[in-house]
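Thanks for asking me to look through this one with you.

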Amino acid sequence: MKQVRVWGLGALWMLLLALVPAVAAQGGNLLNNPGFEGFYRSYNYGSTIDQLVLEFRVADGWTPWFRPQAAGDPGWRYRRPEYRPASYSYNGSAAQQFFTSFGTHQAGLLQRVA
């Protein structure tokens, strides 16, 4: 009886796999500026020029994100990071870095692709 269940589950699994269409691999890189080369711009989080965050210098095509500090968090937790062009590069002529001095952060860079 146990062997019949295993074969039945295996046949069901194979049937489901056969019904799922294969996803065609997309050629080329889908990211815009994947190497963080070229122009770095100051990023504006708000809707006015007064809310321009000058310590956010981000490679063209990328958007910074970070977890904001909550009211009850200690001063060292979830601090706003700084985003800048790195002074080094492993491949190419530029690199992006982000860091927080004297604290921790949850942050990164994102890009929407089609």
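The numbered points below go from the whole chain to single residues.

1. **Ground rules.** This is a predicted model, in which local features need pLDDT of at least 70, side-chain atom pairs count only at pLDDT 80 or more, and totals for chains, interfaces and linings use all residues. Residues are numbered from 1 along each chain as its sequence is written, and side-chain values use heavy atoms, with hydrogens and water left out.

2. **The overall plan.** You will find one helix and six strands in the chain. Starting at the N terminus, their order is α-β-β-β-β-β-β. Helices here (H or I, at least four residues) and strands (E, at least two) are DSSP runs, numbered from the N terminus.

3. **Surface and contacts.** The chain has an accessible surface of about 8,800 Å², and carbon and sulfur atoms hold 60% of that surface. Accessible areas come from the Shrake-Rupley method with a 1.4 Å probe, and for residues only the protein chains shown count as cover. Of the 114 residues in the chain, 19% are buried. Buried means under 20% relative accessible area, exposed means over 50%, and partly exposed is in between (1.4 Å probe, protein chains only). Contact means heavy atoms within 4.5 Å. Among contacts with a separation of 6 or more, 49% join residues 24 or more positions apart.

4. **The nonpolar core.** Which residues make up the largest nonpolar core? The ten are Phe-36, Tyr-40, Tyr-43, Phe-56, Val-58, Ala-59, Trp-62, Tyr-83, Ala-94 and Ala-107. Such a core is a set of buried Ala, Val, Leu, Ile, Met, Phe, Trp, Tyr and Cys residues joined through side-chain atoms within 4.5 Å. Strand E1 (40-44) and E2 are the elements that give two or more residues to this core. E2 provides the largest share, three residues.

5. **Aromatic pairs.** Rings of Phe, Tyr and Trp (its six-membered ring) pair if their centres lie within 6.5 Å; planes under 30 degrees apart count as stacked, over 60 as edge-to-face and the rest as tilted. By this rule there are five aromatic pairs. Why is the pair of Phe-56 and Tyr-83 edge-to-face? Their ring centres are 4.9 Å apart and their planes stand at 70°, so the pair falls in that class. Phe-56 belongs to strand E2 (residues 52-59) and Tyr-83 to strand E4 (residues 82-85), so the pair ties together parts that are 27 residues apart in sequence. Both Phe-56 and Tyr-83 are buried. Ring pairs also link Phe-56, Phe-66, Tyr-83 and Phe-98 into a cluster.

6. Look for Phe-98 in strand E5 (residues 96-99). Its relative accessibility is 31%, so Phe-98 counts as partly exposed. Beyond its neighbours within four places in sequence, Phe-98 is in contact with Glu-82, Tyr-83, His-105, Ala-107 and Gly-108. The C-alpha atoms of Phe-98 and Arg-84 are 6.3 Å apart, while 14 residues separate the two along the chain.

7. **A charge over a ring.** Arg-67 lies over the face of Tyr-78, 4.0 Å from the ring centre. The rule asks for NZ of Lys or CZ of Arg within 6 Å of the ring centre and within 35 degrees of the ring normal.

8. **Gln-111.** This residue sits in the segment after strand E6 (107-110). Is Gln-111 buried or exposed? With a relative accessible area of 17%, Gln-111 is buried. Its side chain reaches the backbone nitrogen of Asn-32 at 2.5 Å, and a polar atom of that side chain lies 2.9 Å from the backbone oxygen of Gly-61. A polar contact is a pair of N or O atoms within 3.5 Å; within protein, one must be able to donate a hydrogen and the other to accept it, and residues adjacent in sequence count only if both atoms are side-chain atoms.

9. **Asn-33 and Phe-36.** Asn-33 is placed in the loop between helix H1 (2-19) and E1, and Phe-36 is also found in the loop between H1 and E1. Asn-33 has 15% relative accessibility, so it counts as buried. A polar atom of the Asn-33 side chain lies 3.2 Å from the backbone nitrogen of Phe-36. Phe-36 has a phi near 60°, a positive value in a residue other than glycine.
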